[in-house]
Amino acid sequence: LQNGDEVGNIFFAADDGTDLVSNTAAIKSQINGTPGANDTPGNLSFWTTADGANTAVQRMTIDSNGHVTKPYQFHIEVDRDSDQTGYNAGANFGTPMIFNRVVRTIGTQNSALDTSTGKITVPVAGVYFLEAAAYATTAAFGQGWFTEGSGRMNYSDHVHSGDTSPKTTRLQTSGMHYLAANTEVGYKPYGSGESNVTIGDSVYHTWMRVTLIG
């Protein structure tokens with residue numbers, strides 16, 4: 001036996017009254033690691049057939065360590081590699097700040113981040129956890145929210161204690177949101193009348209994370 005060898009399959013199929021015509025689902029097990037004497041690591045994968053298709057596709061796997069993974073995993077962390085100067089915190093509500101560096105990813109590629117706009121494109125429809133923070137060198141922020149496409153995202157506002165006055169140098173916002181496939185999301189730290197803000201590149205205070213959770 002070698003890593004990747006199949007050791008067992010259970011297939012579920014529909015029939016037309018005479019013959020089996022297609023698989024509707026499957027459960028499979030493979031060697032998952034390096035086998036040896038008294039050592040047979042294995043995984044278990046679950047496959048289903050989508051509406052309009054006739055071939056089962058792998059949907060979830062439990063590996064030999066007990067970790068559960070799905071084909072559509074998505075997690076990305078981004079920040080800035082330098083200060084963003086001249087940021088207009090009071091501009092259009094759908095205009096986010098610009099994140100220009102990918103820190104780490106799981107189940108995605110760096111191309112999910114557009115470094116010219118600071119927006120992240122999500123790959124599939126689902127519920128995502130969004131979290132972001134920004135640091136200004138002056139007290140410029142009184143509110144913050146996520147952007148969706150070119151507009152302000154519903155149900156995402158964080159208002160600093162005391163509303164928009166006094167303003168603060170640091171702001172953090174988080175929330176869970178349903179997003180359609182290929183939606184662009186960004187982060188808008190806002191300050192009324194603040195048209196020339198410097199956002200610091202602090203690894204502690206300026207970052208954004210987007211994670212598919214279901």
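How many bridges join β4 to β5, and do these strands run parallel or antiparallel?

Reply: β4 and β5 are joined by 2 bridges and run antiparallel. A strand here is a DSSP run of E with at least two residues, numbered from the N terminus, and two strands pair if DSSP finds at least two bridges between them. The model is predicted, so local features need pLDDT of at least 70 and side-chain atom pairs count only at pLDDT 80 or more, while totals for chains, interfaces and linings use all residues. Residues are numbered from 1 along each chain as its sequence is written, and side-chain values use heavy atoms, with hydrogens and water left out.

Phe 46 has Met 60 of β4 as its bridge partner.

The whole sheet is open and has 5 strands in the order β1-β2-β3-β4-β5, with antiparallel pairing. β1 (6-15) and β5 stand at the edges with a single partner strand each, so one side of each has no neighbour in the sheet. Asn 38 sits in the loop between β2 (20-31) and β3. At 86% relative accessibility, Asn 38 is exposed (exposed is over 50% relative accessible area, buried under 20%, partly exposed in between; 1.4 Å probe, protein chains only). From Asn 38 to Gln 84 there are 46 residues in sequence and 58 Å in space, C-alpha to C-alpha.

Rings of Phe, Tyr and Trp (its six-membered ring) pair if their centres lie within 6.5 Å; planes under 30 degrees apart are stacked, over 60 edge-to-face, and the rest tilted. This rule gives 5 aromatic pairs. One of them is Phe 74 with Tyr 128, edge-to-face at 6.1 Å centre to centre and 80° between the planes. Phe 74 lies in the loop between β5 (68-69) and β6 (75-79) and Tyr 128 in strand β11 (residues 126-135), so this pair ties together parts that are 54 residues apart in sequence. Phe 74 and Tyr 128 are both buried.

Phe 93 and Tyr 190 have ring centres 5.4 Å apart and planes at 85°, so they too are edge-to-face. Phe 93 is in the loop between β7 (84-87) and β8 (101-106) and Tyr 190 in strand β16 (residues 184-190), so here the parts tied together are 97 residues apart in sequence. Phe 93 is partly exposed at 36% relative accessible area, whereas Tyr 190 is buried at 13%.

Arg 209 lies over the face of Trp 207 in turn, at 4.3 Å from the ring centre.

Note on methods. Helix = DSSP H or I, 4+ residues; strand = E, 2+ residues; numbered from the N terminus. Lys NZ or Arg CZ within 6 Å of the ring centre and 35° of its normal.
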